[in-house]
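Please examine the sequence and the structure shown below before reading on.

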There are 2 protein chains.
Amino acid sequence: MLDGAAPVVKLRGLVVGSVVRLEQGKGKKPGGRDNRLELLHGLVAEDLRDVNAVILERMKSPVVLISELAGHIISSGGKRLRPMLTLASAKMCGYAGRRHVNLAACIEFIHTATLLHDDVVDDSELRRGSATANAVWGNKPSVLVGDFLFSRAFQLSVDDGSLKVLDILASTSAILAEGEVMQLMTSNDTSTSEAAYLDVITAKTAALFRSACQLGAVVASRPSSEEEALKALGLNLGILYQLVDDALDYAGRSDTLGKNSGDDFREGKITLPVVLAYRRGSEEERSFWRRAMEEGEQREEDFGHALELLEKHGALADSFERARHYGAMARDALGLFPDGEAKRALLGVVDFCVERDK
Amino acid sequence: MLDGAAPVVKLRGLVVGSVVRLEQGKGKKPGGRDNRLELLHGLVAEDLRDVNAVILERMKSPVVLISELAGHIISSGGKRLRPMLTLASAKMCGYAGRRHVNLAACIEFIHTATLLHDDVVDDSELRRGSATANAVWGNKPSVLVGDFLFSRAFQLSVDDGSLKVLDILASTSAILAEGEVMQLMTSNDTSTSEAAYLDVITAKTAALFRSACQLGAVVASRPSSEEEALKALGLNLGILYQLVDDALDYAGRSDTLGKNSGDDFREGKITLPVVLAYRRGSEEERSFWRRAMEEGEQREEDFGHALELLEKHGALADSFERARHYGAMARDALGLFPDGEAKRALLGVVDFCVERDK
């Protein structure tokens, strides 16, 4: 099918439509989704400047290539969502010190290190709308600079001096790596269950969100009930973040997504939309998924057909629905905390993550 | 040159001859080189069993592929030289506790993680006579399981609970990564100086040897003079270890080396033998090195010709001579410590590293 591009565009229109439906009835103004983060940005602006200064200072190395490559990925326009969670959580816990700044930088370093290694593992060429480090410099420096940033994260947490913090970050890093390997094992396996998919995203994404929030309670020496509540906030937020991310890989447009739409399909990465469509599909449809995602025999029109099947079975709409479920739990996790600017900012983050379209 | 194999074999004979020359007059019996480690093995045997038990326990993961892949590289017959240095250094410092066991395991985890990433970066297929993990499972799991082992190392050091230890290990990991990136930058660059080469091997290899020895003094709470002496032992031992390793890549035979002889030449990795031969060579010879190692245009007879040039300029013999210089400094670093079994064992390690042929 040589003119395969047209149905894809048409289908993307339909699919994007189903995303927009999620936001009906909320009186959203244009740009309203980004406004959900406005409270957060206002709350942590000053601290975030300090975090960025720490990041710039600590990614320096006498080895020029390290500073260049680390600078490329760190400055390539990430949302800094994870470090902002640490900053806001600490504020909500009434913390008045400065430890949260270094720890937020530490969280961002761990995140950045995993991004570098992810892009190598996935052979990605585009991230946040820019060429990936591995596309510019090749895989080798990306692997090694990832190691460097991991080490820098640990140096930062050693500087903090709390064994509890170190324990959290070291365990989280091990879980992230386990999650990435689990993802590799479910890759190209269309029989992956929703439970297995949830295990993967909990480990590879939600564990770091959880620790980012938890650290806010830890630096403020809050009681374990509040620490657990912040862990629950982060965990649920992380799961919903990845659910939306994976749905957007089918529903989003490359120009707003900052990466190539359809990457997961082309790589045979099994995410919830496919898990649902596969289980809900006919035997013929399952053969299609197996050929395209398991055996890797993809034709030009396949992505368009995949989008049709996802639409037919409501797989994207239901992925967003699942995300809302975790959003509800994240909101309830905040119930313990007194109303105030920080709590409203964190509730805004939940809304943002549920509703984002890029 | 279709019958290019013959001169290579002949030249390897010559070159191996130059290695054997280093050991003249020492009354070596067959197998004598390995005997150099006998004292060490006897000294730490019991502790090393505990280290291996910790390694086996801590490399476990609910993710099967991680346990499999980590088990493959950890059990593939490494000498455990670095953890044994920690054990022997602690013993020489009169340490009677158990912290050195976990820390030795930690050193081995960091080493193993870097091996996994090295093999990916170098596209190696053979290590210690076995297929590399990346050759068996591909690059992706090797990158991620390396990350997992790094994290496990940090978990182990957090369990130890000493911020000084954590600081040493986190900084060392950052230096290792810097060394690997520096090596990448000098790769294929025949203008690399001996100083730049030394910087690379100091960072990528000697820094971990240094920390392995230093930890022995740290757990025993010895005064800084002894800690510095053990750092010097490790640093010089590490430099000489890598010098010999790089020379053996030309001088060694694949069957005893456990990896492919000539790998560095084929990959265009610039090590001391080439640095020396390039500087001592004619313009015509330099053109050869540039074509073969910089431009990567290698012909079947090139490795044989490279060996001829190394022999002509005494580049391998002088690499081993340089190694002996660091060996002398390593021995003198031990001067502070009282005579005894541990000191003799560590002196034996220096001899072993200078004289090893695999």
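Is the crossing of helix 14 of chain B and helix 17 of chain B right-handed or left-handed? In this predicted model, the crossing of these two helices of chain B is right-handed.

## Two helices within chain B

Two packed helices are described by the angle between their axes and the distance between the axes. For helix 14 (residues 272-280) and helix 17 (residues 315-333) of chain B, the axes come within 9 Å and cross at roughly 125 degrees. Helix 14 of chain B and helix 17 of chain B are therefore oblique to each other.

On the side of helix 14 of chain B, the contact is made by B:Leu272, B:Pro273, B:Leu276 and B:Ala277. Helix 17 of chain B contributes B:Ala315, B:Leu316, B:Asp318, B:Ser319 and B:Arg322. Sorted by class, the residues of this contact are six nonpolar, one polar and two charged.

## Chain A in outline

The secondary structure of chain A consists of 18 helices and two strands. Chain A has 358 residues, and buried residues make up 54% of them. Among the contacts in chain A between residues at least 6 apart in sequence, 78% join residues at least 24 apart.

Helix 14 (residues 272-280) of chain A is mostly covered, with seven of its nine residues buried. The buried residues in helix 14 of chain A are A:Leu272, A:Pro273, A:Val274, A:Val275, A:Leu276, A:Ala277 and A:Tyr278. They pack against several helices of chain A, namely helix 10 (194-219), helix 11 (224-251), helix 15 (283-294), helix 16 (302-312) and helix 17 (315-333).

## The nonpolar core

How many residues does the largest nonpolar core have? The largest nonpolar core has 236 residues. Those with the most contacts inside this core are A:Ala88, A:Leu240, B:Ala88 and B:Leu240.

B:Ala88 shows which residues such a position can touch. Leaving aside residues up to four places away in sequence, B:Ala88 touches B:Leu40, B:Leu43, B:Val44, B:Ala342, B:Ala345 and B:Leu346.

## Where the two chains meet

The contact between the chains takes 35 residues from chain A and 35 residues from chain B. On the side of chain A that touches chain B, the elements giving two or more residues are helix 4 (64-74), helix 6 (99-122), helix 8 (139-160) and helix 9 (163-186) of chain A. The largest share of this side, 14 residues, comes from helix 9 of chain A. By class, the residues on the side of chain A that touches chain B are 22 nonpolar, seven polar and six charged.

One pair of helices from the two chains can be followed in detail. Helix 6 of chain A and helix 8 (residues 139-160) of chain B have axes 9 Å apart and pack at an angle of about 160 degrees. Angles over 145 degrees count as roughly antiparallel, and helix 6 of chain A and helix 8 of chain B are therefore roughly antiparallel to each other. The crossing of helix 6 of chain A and helix 8 of chain B is left-handed. Here A:His117, A:Val120 and A:Val121 in helix 6 of chain A meet B:Lys140, B:Val143, B:Leu144 and B:Asp147 in helix 8 of chain B. This contact has four nonpolar, one polar and two charged residues.

## A buried serine in chain A

A:Ser142 lies in helix 8 of chain A. Is A:Ser142 buried or exposed? A residue is buried if 20 or more other C-beta atoms lie within 10 Å of its own; A:Ser142 has 26 C-beta neighbours inside 10 Å and therefore counts as buried.

Not counting residues up to four places away in sequence, A:Ser142 touches A:Leu116, A:Asp119, A:Val120, A:Ala133, A:Asn134 and A:Trp137. A:Ser142 and A:Ala70 are 72 residues apart along the chain, and their C-alpha atoms are separated by 8.9 Å.

## Two loop residues with positive phi

Most residues other than glycine have a negative phi. In A:Asn188, however, phi is near 65 degrees, a positive value in a residue other than glycine. A:Asn188 lies in the loop between helix 9 and helix 10 of chain A, and with 16 other C-beta atoms within 10 Å, A:Asn188 is partly exposed.

A:Ser221 also has a positive phi, near 50 degrees. A:Ser221 is found in the loop between helix 10 and helix 11 of chain A. Because A:Ser221 has 9 C-beta neighbours inside 10 Å, A:Ser221 counts as exposed.

Key: Residues are numbered from 1 along each chain as its sequence is written. Chains are lettered from A and ligands numbered from 1 in the order in which they are written. This is a predicted model: local features need pLDDT of at least 70, side-chain atom pairs count only at pLDDT 80 or more; totals for chains, interfaces and linings use all residues. Axes are lines fitted to C-alpha atoms, for helices over the stretch in contact, and angles run from 0 to 180 degrees between N-to-C directions. Helices (H or I, at least four residues) and strands (E, at least two) are DSSP runs, numbered from the N terminus. Angles under 35 degrees count as roughly parallel, over 145 as roughly antiparallel, 65 to 115 as roughly perpendicular and the rest as oblique. A crossing is left-handed if the near helix is turned anticlockwise from the far one by less than a right angle, and right-handed if clockwise. Two residues are in contact if their C-beta atoms, placed from the backbone, lie within 7 Å. Ala, Val, Leu, Ile, Met, Phe, Trp, Tyr, Cys and Pro count as nonpolar, Asp, Glu, Lys and Arg as charged, and the others, Gly among them, as polar. A residue is buried if 20 or more other C-beta atoms lie within 10 Å of its own, exposed if 12 or fewer, and partly exposed in between; C-beta atoms are placed from the backbone. A nonpolar core is a set of buried Ala, Val, Leu, Ile, Met, Phe, Trp, Tyr and Cys residues joined through C-beta atoms within 7 Å.
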